[in-house]
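Thanks for coming, everyone. Please have the sequence and the model up on your screens.

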Amino acid sequence: MPDIRILSAEEARAAIPALSQVLADCVAGGASVGFMQPYTAEDAESYWCDVADAVAAGGNLLLVAELAGSIVGTVQVGAAQMPNQPHRGDLKKLLVHRSARGRGLARLLMEAAEREARKRGKTLLVLDTATGSDAEAIYPRLGWERVGVIPDYALWPQGGFCDTTLFYKRL
């Protein structure tokens, strides 16, 4: 049975090696999440240090999925917004290690992220994802509304332009 939990800044710092493994695996598998191949767990460490700092500052919620005590998935909610957007959060970096896929972890992470965002007064979440990716298919099944597509928004990790689909969900 998976365990989904929110990490404190201290826990996030301690989890950097495991989080780095998850991120590196997803990029190696072709996930367009901001990084280019080749990308290693060592490359990911500075990213996760920044995330831990954002958690410490109260700007991010960091959730993880664990199986048998090992982190195999994660998602973030960017909670710090401009003064005219206190009700909105940004869903970021839904990642599940390829070895743990097919067990409903993405759904569990998303449900927990939405629940925690709601507890913090968020009534609207937004996200973007690579058009045509496996991840894009997840969000409509979880009640997210597709807004549209921005062409050539980013690059696939192996190179080449990647369109991006925008979604939102009212909580």
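Let me start with one term. Two rings of Phe, Tyr or Trp count as a pair if their centres lie within 6.5 Å; for Trp, the six-membered ring is used. Planes under 30 degrees apart make a stacked pair, and planes over 60 degrees apart make an edge-to-face pair. Keep that in mind. And keep in mind that this is a predicted model.

Now, the rings. Phe 35, Tyr 39, Tyr 47 and Trp 48 are linked into a cluster by ring pairs. How many aromatic pairs does the whole structure hold? A search finds five. Take Phe 35 and Tyr 39. Their ring centres are 4.7 Å apart, and their planes are at 25 degrees. That angle is under the 30 degrees cut-off, and the pair is stacked. Next, Tyr 47 and Trp 48. Here the centres are 4.9 Å apart and the planes stand at 75 degrees, so this pair is edge-to-face.

Phe 35 has 18%, so Phe 35 is buried. Tyr 39 has 13%, so Tyr 39 is buried too. Tyr 47 comes in at 18% and is buried. Trp 48 has 2%, and Trp 48 also counts as buried.

Stay in this stretch of sequence for a moment. Which two residues does a cis peptide bond join? The answer is Gln 37 and Pro 38, with omega at about -5 degrees. Find Pro 38 on your screen. Pro 38 sits in the loop between α2, residues 16-28, and α3, residues 41-57.

Let's step back to the whole chain. The protein chain has five helices and seven strands. In sequence order, the pattern is β-α-α-α-β-β-β-α-β-α-β-β.

How much of the chain is buried? Of the 171 residues, 45% count as buried. Then look at contacts between residues at least 6 apart in sequence. Of these, 59% join residues at least 24 apart.

The accessible surface of the chain is about 8500 Å². Carbon and sulfur atoms account for 52% of that surface. Then the charges. The chain has 18 positive and 20 negative charges, and their mean positions lie 7 Å apart.

Last topic: backbone angles. Two residues to look up here. Lys 93 is not a glycine, yet its phi is positive, at about 50 degrees. Where is Lys 93? Lys 93 is in strand β4, residues 88-96. Its relative accessible area is 25%, so Lys 93 counts as partly exposed. Now Asp 152. Asp 152 also has a positive phi without being a glycine, and the value is near 50 degrees. Asp 152 lies in strand β6, residues 145-155. With a relative accessible area of 46%, Asp 152 is partly exposed.

That's my tour. Over to you for questions.

Key:
Residues are numbered from 1 along each chain as its sequence is written. This is a predicted model: local features need pLDDT of at least 70, side-chain atom pairs count only at pLDDT 80 or more; totals for chains, interfaces and linings use all residues. Side-chain values use heavy atoms; hydrogens and water are left out. Helices (H or I, at least four residues) and strands (E, at least two) are DSSP runs, numbered from the N terminus. Buried means under 20% relative accessible area, exposed over 50%, partly exposed in between (1.4 Å probe, protein chains only). Contact means heavy atoms within 4.5 Å. Accessible areas come from the Shrake-Rupley method with a 1.4 Å probe; for residues, only the protein chains shown count as cover. Lys and Arg count as positive and Asp and Glu as negative; His and the chain ends are not counted. The place of a charge is taken as NZ of Lys, CZ of Arg, CG of Asp or CD of Glu.
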